Amino acid sequence: MSDRKTERLINLTLALLATKRYLKKSEILSNVAGYEGTQEAKERMFERDKDDLRSLGIEIEVGDLDIFFEDEPGYRIPQKSYELNVPNLSGRELALLSIASSFWNDSVLGPNAQSGIRKLQSLGIPATLEFEFRMKYRFDNPSELLEQIAKAILQKSRIKFAYDSSSLKLRQLEPYRIVFWNSYWYLIGMDVDRKAIRLFKLSRFLGAIETSKRKNEFEIPSDFTVADHLPKSDVEVIHSSKIEIRRETGALLRQRGKRLSQGSEYDTYVINYENERIFLRELIWHGVNVRILEPVNLKEELLAIVDGVLA
Amino acid sequence: MSESALDRTARALDLVPYLLEHQGISIAELAQVFGVSEKQINDDLILIHMCGLPGYTPLELIEMYYEDGYVTVSDPQSLKKPRSMTSSEITSLLVSLDLLKSVRSDSIADEIEALKIKLKSSLSFENPYVVVVDSKNSEMVEKIEAAIVKGNALKIVYLSGQKDETTERLILPLEIYQANSNTYLNAWCQTSMGDRTFRVDRILSFETSSGDEISYTPTTQQHKGGISNIELVVSKAARHFIEENRAIIESVEDGDVFQVKLHPIDVEWLIRTIIGFGSGIQVAAPKVLANEIQERARAIRALY
């Protein structure tokens, strides 16, 4: 069944693509292989097929035929819109794209990038092997939500989602941009209830997103920039801690820190950190060889983690 | 779960122009490129074979040959060119390029930006994705990559992630990757005689080493010892052999085909791999290896 439909869709595409003039519906139904049954059944089939091809992004042009053909509409697929055209793409650029597209071992962007690159590789551009790039990207934090959010951004539709935070759980947002930052996906948008632009981490979204049926519900302000809404990576976010490190240990921490004093068993260091979570892991990794003196909240967080293990 | 007729149609429409530019490609590689099973590709090809233009005589059908697992298209009818990219495909590629830029040195940044503009020209909307570059240590990365490509060994001073101590190690770098804001290096560690993962920011210093002391073999199978001066002729269609096995490749000469010289390696692994590429890889030297491969292939053939 699926075979027959696939075959018919391919035949229809081929026929509409090959024709210079518009093909009458009656011509299509009688000449393109696969249209069977009563006239009514064939027509229903054809209507569905057109919708299906359009959903694949294929443009089917409807045109008026010569007046001698009565008022039956005609159809064709314009080659210009069907065929991929990236002017002056070089082999070197294709190689760069291949490398880039192979980064995604996960997330919805992977298959999309792969099918895009396949099309580019079908253009007959001689590929090169000139790059020595070996670095890959591995995503430990894929998100299933990207595609849906991207669509909402493009349509300018509001979204609703549940968010894992201490205060407001249910959010209504005008989504502006999806941001990949520090190995995580974020969403920046106008929080409708709070009337302020906010940053959300996709890994903290709870469950599904609901996209509004309406389009063009909002405008992205012309002066909006992503950088304005990311936590600043300078003074504001860098925290300072006071840590005791056992002698002869913690070389990595020592390297980053500033020694305040030396003791018989422990040395005391001031160590700055940006990401509390990562820093805590690092500290815990050192086991009994490091001890947090300040700040108190960092100590509490560490204890909470350790307690979590014990619980 | 069976896939929809629509997904299959999309793949078939992409398969034909891809085949046209990759004549003589193996079904195995097609399966890999399109991310489906070989059986699926086979089924697709049989289906495509029956499609064509109204009239549907042999002259109007898509004409292709497949023999011994290799496919050639001689008449694609109206499917000569690939379909234009969907907006999801373009935006995914744009994000990929941003990501590439974020881990590469600035020297290539302009080129990537120019390429993005080329792709964007076919985009009728703004890109919903933004990649923010955080810190990068591209200089170290590039040196390690060069070592991977050339198959050089490295002598490193490493701040252990396991024992909180610095050690000196001789390693053969194999694979480098970025994950969770860190850069990692997978390598054969001669010092500990095993595969190890290193965090690049914990490599305190390194120097290139001749690698004479390295005894790495990319397999745990039984092996007959390394053979040196292996030369292969790799077809364009089999180029991923080169891409995936950089660690064992000494040099590549590009032309109609790739002339590939290998480092001395365990041949058992190589033999088995080469046979899998069919006509895509020919052994130019040494003769014994070519013979051995012939013999193995014959033995396989004799099973049928």
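This is a predicted model: local features need pLDDT of at least 70, side-chain atom pairs count only at pLDDT 80 or more; totals for chains, interfaces and linings use all residues.
Local features need pLDDT of at least 70 and side-chain atom pairs count only at pLDDT 80 or more, while totals for chains, interfaces and linings use all residues. Residues are numbered from 1 along each chain as its sequence is written, chains are lettered from A and ligands numbered from 1 in the order in which they are written, and side-chain values use heavy atoms, with hydrogens and water left out.

**Exercise 1.** Determine which residue forms a salt bridge with Arg4(A), and where the two partners lie.

*Solution.* Step 1: a salt bridge is defined as a side-chain nitrogen of Lys or Arg within 4 Å of a carboxyl oxygen of Asp or Glu. The search of the whole structure gives 30 salt bridges over all chains.
Step 1: Arg4(A) is joined in this way to Glu36(A), with an N to O distance of 3.3 Å. Arg4(A) belongs to helix H1 (residues 2-18) of chain A, whereas Glu36(A) is in the loop between helix H2 (25-31) and helix H3 (39-55) of chain A; the pair links distant parts of the chain, 32 residues apart. Helices (H or I, at least four residues) and strands (E, at least two) are DSSP runs, numbered from the N terminus.
Step 2: buried means under 20% relative accessible area, exposed over 50%, and partly exposed in between (1.4 Å probe, protein chains only). Arg4(A) has 54% and is therefore exposed; Glu36(A) has 46% and is therefore partly exposed.

**Exercise 2.** State whether Glu174(A) is buried or exposed, and describe its salt bridge.

*Solution.* Step 1: the partner of Glu174(A) is Arg158(A), with the closest N and O atoms 3.1 Å apart.
Step 1: Glu174(A) lies in strand S6 (residues 170-181) of chain A and Arg158(A) in the loop between helix H7 (146-155) and strand S5 (159-163) of chain A, so the bridge ties together parts 16 residues apart in sequence.
Step 2: Glu174(A) is buried, because its relative accessible area is 10%. Arg158(A), at 25%, is partly exposed.

**Exercise 3.** Give the strand order of the open sheet in chain B and identify its edge strands.

*Solution.* Step 1: two strands pair if DSSP finds at least two bridges between them. The open sheet has 3 strands in the order S1-S3-S2 (chain B), with antiparallel pairing.
Step 1: strand S1 (25-26) and strand S2 (63-67) of chain B are the edge strands, as each pairs on one side only.
Step 2: S2(B) is joined to strand S3 (residues 70-75) of chain B by 5 bridges. Glu63(B) stands opposite Asp75(B) in S3(B).
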